[in-house]
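Please look over the chain shown below. A short briefing on its helices, surface and side-chain contacts follows.

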Amino acid sequence: MQAKVLQHILGHTDITVTMNTYCDAFEEFSDENLLMADCYLKDNNLLIA
């Protein structure tokens, strides 16, 4: 989930509250999301220049 969406759901008026509280959770999913993006690009014959 994007940080701004989570901020809105939780009612945080300042994104730094969301990021300071949940940043570790975002980092945990970083590798997983990068792998998904890489697979998508490969599956669609797209290259990053």
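A salt bridge here is a side-chain nitrogen of Lys or Arg within 4 Å of a carboxyl oxygen of Asp or Glu. By this rule the count comes to one salt bridge. The partners are Lys42 and Asp38, whose side chains meet at 3.1 Å, N to O. The model is a predicted one.

**Overall make-up**

- The chain has three helices and zero strands.
- Read from the N terminus, its elements run α-α-α.
- The chain holds 49 residues, and 8% of them count as buried.
- Its accessible surface comes to about 4400 Å². Carbon and sulfur atoms account for 59% of that surface.

- Asp38 sits in helix 3, which covers residues 30-43.
- Lys42 and Asp38 are four residues apart in helix 3, so about one helical turn separates them.
- An α-helix has 3.6 residues a turn, so residues three or four places apart point the same way.
- The N to O distance of 3.1 Å between Lys42 and Asp38 falls within the 4 Å cut-off for a salt bridge.
- Lys42 is exposed, because its relative accessible area is 57% and the exposed class begins over 50%.
- Asp38 has a relative accessible area of 31%, so Asp38 is partly exposed.
- Asp38 also has a recorded spacing to Ile48: the two are 10 residues apart in sequence and 9.5 Å apart in space, C-alpha to C-alpha.

**Helix 3 and what follows**

- Helix 3 has 14 residues. From its first C-alpha to its last it reaches 20 Å, close to the 20 Å expected at 1.5 Å a residue.
- How many of the 14 residues of helix 3 are buried? The count is zero, and the helix is hardly covered.
- Asn45 lies in the segment after helix 3.
- The phi of Asn45 is near 50°, a positive value in a residue other than glycine.
- Is Asn45 buried or exposed? Its relative accessibility is 70%, so Asn45 counts as exposed.

**Gln7 in helix 1**

- Gln7 is found in helix 1.
- At 8% relative accessibility, Gln7 counts as buried, because the buried class covers values under 20%.
- Its side chain makes a polar contact with the side chain of Lys4, at 2.9 Å.
- Which residues does Gln7 touch once neighbours within four places in sequence are left aside? They are His12, Thr13, Asp14, Ile15 and Thr18.

**The nonpolar surface patch**

- Five names make up a nonpolar patch on the surface: Met1, Val5, Ile9, Leu10 and Tyr22.
- Together these residues have about 480 Å² of accessible area.
- Which element gives the largest share of the patch? Helix 1, residues 3-10, supplies three residues.
- Leu10, one of the patch residues, lies in helix 1.
- Leu10 has 37% relative accessibility, so it counts as partly exposed. That value meets the patch requirement of over 30% relative accessible area.

**Points to check on the model**

- After helix 3, look at Asn45 and its positive phi, near 50°.

Terms used
Residues are numbered from 1 along each chain as its sequence is written. This is a predicted model: local features need pLDDT of at least 70, side-chain atom pairs count only at pLDDT 80 or more; totals for chains, interfaces and linings use all residues. Side-chain values use heavy atoms; hydrogens and water are left out. Helices (H or I, at least four residues) and strands (E, at least two) are DSSP runs, numbered from the N terminus. Patches are made of residues with over 30% relative accessible area and no salt bridge: like charges are joined within 9 Å, nonpolar side chains (Val, Leu, Ile, Met, Phe, Trp, Tyr) within 5 Å. Accessible areas come from the Shrake-Rupley method with a 1.4 Å probe; for residues, only the protein chains shown count as cover. Buried means under 20% relative accessible area, exposed over 50%, partly exposed in between (1.4 Å probe, protein chains only). The expected span of a helix is 1.5 Å times one less than its number of residues. A polar contact is a pair of N or O atoms within 3.5 Å; within protein, one must be able to donate a hydrogen and the other to accept it, and residues adjacent in sequence count only if both atoms are side-chain atoms. Contact means heavy atoms within 4.5 Å.
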